[in-house]
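Hi everyone, thanks for coming.

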Amino acid sequence: MLICKAIIIFIAYMITFFAYGLIFRKVTGSGQNNSGVLIPAGMFLYSLLFFVLILAPKYHRVPLHVLSLVWAVIWGGSVLLILILLRRTAGEVLASLGKFLKENLLNSLLFLAFNVLQAGFVELFGRWSSSNNPSNYVAYVTTAVFTDELGTTHPVKGVLLRRFSSKMFTETYMDHSAVVAKIFRVHPLIEIRWVMPVLFLITGNLIVFMAAREIFRERSKQWLFFAGYQAAVACTTGSYLYSSFYMYFRNYEGKTVIPAVLLPAVFYVFWRMYQDPWDKEALLFGLLCVTGSFHFTGTTMYMIPVACLGLIPAMFGKKRAGRVFGNMVLLVLPCFLYAAAYLLIKAGIINLVIR
Amino acid sequence: MAINANNSSLLEFYKIFWNIVLGDMGPVCRKVLYGYLALVILILIFGKKEARKFFGISAAILLVVCLNPFSVYYISKYADLSTRYFRFLWLPPAALTYGYAFAAAVNLIRQKRVSALLAYAVSVVILVYSVKPLTSVTSRLYTGVSPNPGMQMIDNVYKVENDTLQICNIIEKDKGDPAVTVKALYGYEVFLDIRTYDASIYSGLSLKKQNKYRSRKLREKRLNKMSGNKKYKKLLNYLINAQDPDREIRFDPDKIAEALEEKAYQYVIVQTDRYVMPWFEACGTIIGVTDHYTVIKVGKQNSLM
């Protein structure tokens, strides 16, 4: 029964990301066959919306059962509205997807098989990593569901807090899990440990596959690029220091989005912008990924500027490098804004005292 | 595991950095790192213009920045980034470079059919090769107090230890109302997942303090000192987390009962085979036993068992 609920939540998320991805598609007006970015784009757009809307009610201690009711209406209503209003775009996307699957049957089947195997491994052997983090991050959600409030109780000690945690206040990923658990009347562990890890892997895999398609024309090379990437990731899981461990075993944390989805997305965006500095879709996708990722983790504020730093030399000697550099600044800007807000919280200027 | 730049000089940090980075890497992981270095050089020499830029220069910059203890020292010190910094940034460029290198190498073969077949064959080989390093990591995952030989499937649908589920059910049955919050004393091993499953049970102890006593052995002198100074929280934390003593020691269970009462603990969750088990047993009533733990209700009430 609980597994059925996990599958229902997974399907709900996929439909949601697809629907929100349609907005992205509509805004960019892209006629290209880039349906692979639709799901990640939808995921980050939906996450951004939740991030923006939840902070004020969270601060004002609106009870979780009220929040979940309101969010259920916003969530369901928005998805329905998008699917009705953008039904033509949806039809086009599905048609192009069907055409793509037909033309790339072998790669599509291999991709599907890989995802099923990877998901199966993560689901069946994904125990806790031996770190303190489960009791920090996951217990936050269980505590929120139990207390009917977001972030007002210490997740580990179980005592009431005087102020919201400056580190966790803006990481609304856990708040979202609590809201979803309440909506579906399911234990938070089902959403956190069954649904989200697979979603992270699938969206990340889609981006890597899209990158492979951008770099190589031949389908066999595209698949080999994807396989090489995955093999390197799997081979380095042995170290706690590397992000591959997150992707397979610490995927109950929002931070997983950085190695699994965000950094490959930044690379993909830059590769496309290198080919075409005026690629509006790539720039918007990048912006959406960066801003939407704040919902999952604040660590993005450090990671994106450094990742961009590494990619600056790639733009040297390129025509219209100024344009690409401008795009890069745009991508980094949300990180600086977020960092400024974080510093204001740390300094106590933005007061997070629980009233 | 964290590298703390604030407490060490640059030289100390340099040593710690490489000890941790290389010490933590398994043999396969090291091969991947050295292979990556070689690939970056090869791409810089033989790669196409785009590849040289994206997989050569850019990747090399990230590599130097992320695997350079001097830059990491200052970044950790002033930006409070610790190991996160290179943990996240090192892998994605490396994995993408591997992907590119494999595909580019196969691309060297002119005959399209042969190169396509080879591409699929190589992909199968490398994916199969990567299974072993991946599955071997599972022996480092959390299995509670049970030994972990690796590839241990999850115990239940909640993906927590069976012990945890049993403990929570015992306490819930005893307290009657699931909405009631109870204070229970439990050790680090259950600490990791008890509150992820049931937030109605809390210990009031921090992880840091729990961890502090795990490496220590029980000593009579220390127990008496803590008890004498009425450091009840410390005493209980020490009792529940410290390792069993090498030789017999004595301690008055009444002092434990006093500490439990003073700190308002309602339950104690203790490993059944632990040395301190009889002491805690004397402080209350056993209300349930799991695979590895005994749940004791503090005070001499009527047992539900």
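Okay, let's begin with chain B and a helix called α2, which covers residues 27–46. With five residues, α2 is the biggest contributor to a nonpolar patch. And before I go on: what you see here is a predicted model.

So which residues form that nonpolar patch on the surface? They are B:Ile41, B:Leu42, B:Leu44, B:Ile45, B:Phe46 and B:Ile57. Put together, they have about 590 Å² of accessible area.

Let's zoom in on one of them, B:Leu42, which sits in helix α2 of chain B. Its relative accessibility is 44%.

Staying on chain B, have a look at helix α1, residues 10–24, where you'll find B:Glu12. B:Glu12 is partly exposed too, with a relative accessible area of 42%. Now, how far apart are the C-alpha atoms of B:Glu12 and B:Asp155? They're separated by 43 Å, and along the chain the two are 143 residues apart.

Over to chain A. Helix α13 runs over residues 300–315, and A:Tyr302 is part of it. Is A:Tyr302 buried or exposed? It's buried: its relative accessible area is 18%, so it falls under the 20% cut-off.

Key
Residues are numbered from 1 along each chain as its sequence is written. Chains are lettered from A and ligands numbered from 1 in the order in which they are written. This is a predicted model: local features need pLDDT of at least 70, side-chain atom pairs count only at pLDDT 80 or more; totals for chains, interfaces and linings use all residues. Side-chain values use heavy atoms; hydrogens and water are left out. Helices (H or I, at least four residues) and strands (E, at least two) are DSSP runs, numbered from the N terminus. Buried means under 20% relative accessible area, exposed over 50%, partly exposed in between (1.4 Å probe, protein chains only). Patches are made of residues with over 30% relative accessible area and no salt bridge: like charges are joined within 9 Å, nonpolar side chains (Val, Leu, Ile, Met, Phe, Trp, Tyr) within 5 Å. Accessible areas come from the Shrake-Rupley method with a 1.4 Å probe; for residues, only the protein chains shown count as cover. A salt bridge is a side-chain nitrogen of Lys or Arg within 4 Å of a carboxyl oxygen of Asp or Glu.
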